[in-house]
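Open your viewer, get the sequence panel ready and come along for a walk. We'll pick things one at a time and see what's there.

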Amino acid sequence: MGRGPTNQYYKSINDSYIEGTLTCLKPEVIKQDINIDFPLVLNIEPTNACNLNCTCCPRQKTVSYQGVHYLPIKTFKQIIDEASEYSQLVMLNLHKDGEPLLNNDLSEMIAYAKKKNIAKTIHLNTNGTLLGTIAGKKLLESGIDDITISIDAAYPETYWKLKGSRDFDSLNKSIESFIEYRDRIGFKTTIRVKIMEFALVSSSEIKAFYDKWNGIADQVQVTGVHDWSGEISDLSITDETSSVRYPCALLWYMLAINSNGKVSICNVDWDYSGVVGNLYEKKLHDIWNDLPIQNIRKAHLDSKWNYVPVCDLCVVWVSVGDLKSFFQSRPEFVYPNAEQ
């Protein structure tokens with residue numbers, strides 16, 4: 001999510017985002033573009049199903065509470081149609097808690113969003129295991145702009161410890177073939193590989209990962225690790241941290257749509273404690289301005305970090321920086337009816 005401790009790997013990934021991250025928008029983008037009409041960034045989850053069982057992920061608990069869901073293509077198109085009524089998104093992310101390629105309608109979703117010119121960048125994060133299948137080819141053919149492949153290891157044993165899979169070598173070959181296919185066909189999709197600075201991943205392994213993929217993938221991303229607001233108790237946080245707490249800027253520019261239609265404040269909301277609406281009951285524009293999200297923004301401005309449990313111990317807010325005074329200066333984001 002955020003940047004890791006090794007700043008030599010901080011690279012510009014997207015012009016709108018802080019170096020090293022595709023979660024944290026640059027403060028100048030936020031100040032220039034936030035509005036009460038619609039978010040700048042939408043995360044739409046095609047499915048919360050997954051074919052891996054990563055030790056760093058709370059998804060199993062999520063589905064035990066919420067069940068497994070696949071977002072219908074009809075619902076996706078309704079979301080895109082509404083979004084197209086407003087300014088172009090900075091980014092449309094097609095992932096949250098699951099593996100997006102498990103939704104058979106994914107390529108149609110992307111093609112529809114591209115047709116509507118919905119976002120400057122359409123991006124998804126994948127574990128890469130299905131890129132060697134027909135789903136991978138259809139993904140490229142859909143016209144997607146940007147793909148992040150979370151490998152998270154340079155060695156098979158590390159991959160096994162983190163992902164619970166022994167298919168490390170075949171995964172690497174599949175990704176290389178996927179990139180070769182992209183180049184052969186002439187698609188313009190940016191393909192990035194990612195590793196996270198877990199405690200069990202040594203600096204030498206990160207360097208080995210970087211050296212292997214640099215020149216093969218378009219970008220090599222090295223990020224920090226967060227513990228899902230304390231849910232993964234034995235996970236060491238290597239994301240940026242701060243001794244001074246300030247409001248999470250994501251609340252003013254992002255929404256995450258879960259595959260069951262519930263709308264969360266952000267893509268960290270694994271336990272749905274940050275749900276602020278349901279797209280089957282209200283339009284996203286109305287949810288963006290409704291009392292539940294107003295209450296959460298007001299709570300952050302009042303330093304009530306545990307108003308939403310998933311916010312309490314989160315660190316993803318750090319990399320953007322402190323924009324409290326700016327948010328307080330914008331009259332459209334002053335909420336006299338919010339909870340005090």
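**Before you click**

You're looking at a predicted model, where local features need pLDDT of at least 70, side-chain atom pairs count only at pLDDT 80 or more, and totals for chains, interfaces and linings use all residues. Residues are numbered from 1 along each chain as its sequence is written, and side-chain values use heavy atoms, with hydrogens and water left out.

**Stop 1: strand 5**

Select residues 190–196, which make up strand 5. Helices (H or I, at least four residues) and strands (E, at least two) are DSSP runs, numbered from the N terminus. How many of the 7 residues in strand 5 are buried? The count is 6, so the strand is mostly covered. Here, buried means under 20% relative accessible area, exposed means over 50%, and partly exposed is in between (1.4 Å probe, protein chains only).

Two strands pair if DSSP finds at least two bridges between them. Click on Ser-150 and you'll find Lys-194 of strand 5 opposite.

Pick Ile-195, and look for Val-222 in strand 6 as its bridge partner. To follow the chain from strand 5 to strand 6, go through helix 8 (residues 203–213); this β-α-β crossover is right-handed. That label applies if, with the strands pointing away from the viewer, the path from the first strand over the helix to the second runs clockwise.

**Stop 2: rings**

Show the aromatic side chains: the whole structure has 6 aromatic pairs. Rings of Phe, Tyr and Trp (its six-membered ring) pair if their centres lie within 6.5 Å; planes under 30 degrees apart count as stacked, over 60 as edge-to-face and the rest as tilted.

Zoom in on Tyr-9 and Tyr-210. Their ring centres are 5.5 Å apart and their planes are at 45°, so this pair is tilted. Tyr-9 sits in the segment before helix 1 (27–33) and Tyr-210 in helix 8, so the pair ties together parts that are 201 residues apart in sequence. Tyr-9 is buried at 9% relative accessibility, and Tyr-210 is buried at 19%.

Then jump to Trp-252, Phe-326 and Phe-327, which ring pairs link into a cluster.

**Stop 3: empty spaces**

Rolling a probe the size of a water molecule over the atoms shows where empty space is left. On a 1 Å grid over the protein atoms alone, a cavity is a set of points where a 1.4 Å probe fits but cannot get out, and a pocket is an open set with protein on both sides within 12 Å along at least five of seven lines; lining residues have an atom within 4 Å of a point. Grid points are joined across faces, edges and corners, and a volume is the space filled by probe spheres set on the points.

The search finds 2 cavities of 30 Å³ or more. The largest cavity holds about 760 Å³. Select Lys-96, Asn-125, Ser-150, Lys-194 and Trp-228: of the 35 lining residues, these are the closest to its centre. Strand 3 gives the largest share of this lining, 3 residues. By class, the lining has 11 nonpolar, 17 polar and 7 charged residues. Ala, Val, Leu, Ile, Met, Phe, Trp, Tyr, Cys and Pro count as nonpolar, Asp, Glu, Lys and Arg as charged, and the others, Gly among them, as polar.

The second largest cavity has about 110 Å³ of space. Of its 13 lining residues, Cys-248, Ile-265, Cys-266, Cys-311 and Cys-314 lie nearest its centre. Its lining divides into 11 nonpolar, 1 polar and 1 charged.

Now for the largest pocket, with about 210 Å³. Among its lining residues are Thr-55, Leu-162, Phe-198 and Glu-231.

**Stop 4: two loops**

Pick Tyr-272, in the loop between strand 8 (262–264) and strand 9 (275–278). Its phi is positive, about 65°, although it is not a glycine. Is Tyr-272 buried or exposed? It is buried, with a relative accessible area of 7%.

Finish at Ser-303, in the loop between helix 10 (291–301) and helix 11 (309–312). Ser-303 also has a positive phi, near 65°, but counts as partly exposed at 39%.
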